[in-house]
Structures are given as C-alpha cells and as structure tokens.
Amino acid sequence: MVMTCDLMVSADTTKFMYPRPRSGCSRLMPGIVSRMPHKVAMELLLLGEEISVKRAYDVGFVNKVVPLGDERSEARRMARSSRALRRW
C-alpha cells in the first residue's frame, strides 16, 4: 500500500516487510527499487527480512518519523502545506 504514496509519515514503531519473499520477480519490484536503494529493496523482496522505520527513513523510503499516534496529525500538516504550495 505504501508503494503508491508520494509522501509517507510513519510511527517510530513501524517495521516494513514484503509479505511474499523468495518468490522471484514481482510486479512490485520496479516500484520498490525506484523508492529505495536496490540492495535494501532486495532484502525486502528476496529475503523477506524486516527493516526498521529508522532504516527506511535513512534510505529515503519514509519522509517523516513521529511518535506512535501522531501520524495522522503530521500527515494532515503535510497535506495542508502541499495545498498551500499548489496555490503558487
């Protein structure tokens, strides 16, 4: 689901994983590889290993990490900001 997001806010407890590891090629492969470094994407796709939200943030997969429960308010703040930019 997060593959379709342009911006992503995650709780500091979030972990990411691909649910069907070791299945070879996947339709999600190009999307994941375009949003994070190839080697990290391969961990998700081929090994099925979880990556922490810190690592996802460090590689640019997540825009903002907030305390659990603050995700919606931060996402709304970002949405208001992006609407303001569209007026220009």
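Guide: Let's go label by label, keeping in mind that this is a predicted model.

Visitor: Why are Phe16 and Phe61 called an edge-to-face pair?
Guide: Two checks here. Ring centres have to lie within 6.5 Å, and planes over 60 degrees apart count as edge-to-face. For Phe16 and Phe61 the centres are 5.4 Å apart and the planes make an angle of 85°, so both checks are passed. Phe16 sits in strand β2, while Phe61 is in the loop between α3 and β4, 45 residues apart. Both are buried, and both are listed among the residues with the most contacts inside the largest nonpolar core, which has 15 residues.

Visitor: Which helix gives the most to that core?
Guide: That's α2, with five residues.

Visitor: How do you know that Arg55 and Glu43 form a salt bridge?
Guide: The nitrogen has to be within 4 Å of the carboxyl oxygen. Here the N to O distance is 2.9 Å, so Arg55 and Glu43 qualify. This pair links helix α3, where Arg55 is, with Glu43 in helix α2, twelve residues apart.

Visitor: Is Glu43 buried or exposed?
Guide: Buried: its relative accessible area is 17%, and the cut-off is under 20%. Arg55 has 33%, which falls between 20% and 50%, so Arg55 is partly exposed.

Visitor: What makes Lys54 and Asp58 a salt bridge?
Guide: Their N to O distance is 2.7 Å, and the limit is 4 Å, so they count. They are four residues apart in helix α3, which means about one helical turn separates them. Lys54 is at 56% relative accessibility, and over 50% means exposed.

Visitor: How many salt bridges does the count come to?
Guide: Three. Another one is Glu74 with Arg77, whose closest N and O atoms are 2.7 Å apart. Glu74 is at 11% relative accessibility and so counts as buried, whereas Arg77, with 41%, is partly exposed.

Terms used: Residues are numbered from 1 along each chain as its sequence is written. This is a predicted model: local features need pLDDT of at least 70, side-chain atom pairs count only at pLDDT 80 or more; totals for chains, interfaces and linings use all residues. Side-chain values use heavy atoms; hydrogens and water are left out. Rings of Phe, Tyr and Trp (its six-membered ring) pair if their centres lie within 6.5 Å; planes under 30 degrees apart count as stacked, over 60 as edge-to-face and the rest as tilted. Helices (H or I, at least four residues) and strands (E, at least two) are DSSP runs, numbered from the N terminus. Buried means under 20% relative accessible area, exposed over 50%, partly exposed in between (1.4 Å probe, protein chains only). A nonpolar core is a set of buried Ala, Val, Leu, Ile, Met, Phe, Trp, Tyr and Cys residues joined through side-chain atoms within 4.5 Å. A salt bridge is a side-chain nitrogen of Lys or Arg within 4 Å of a carboxyl oxygen of Asp or Glu.
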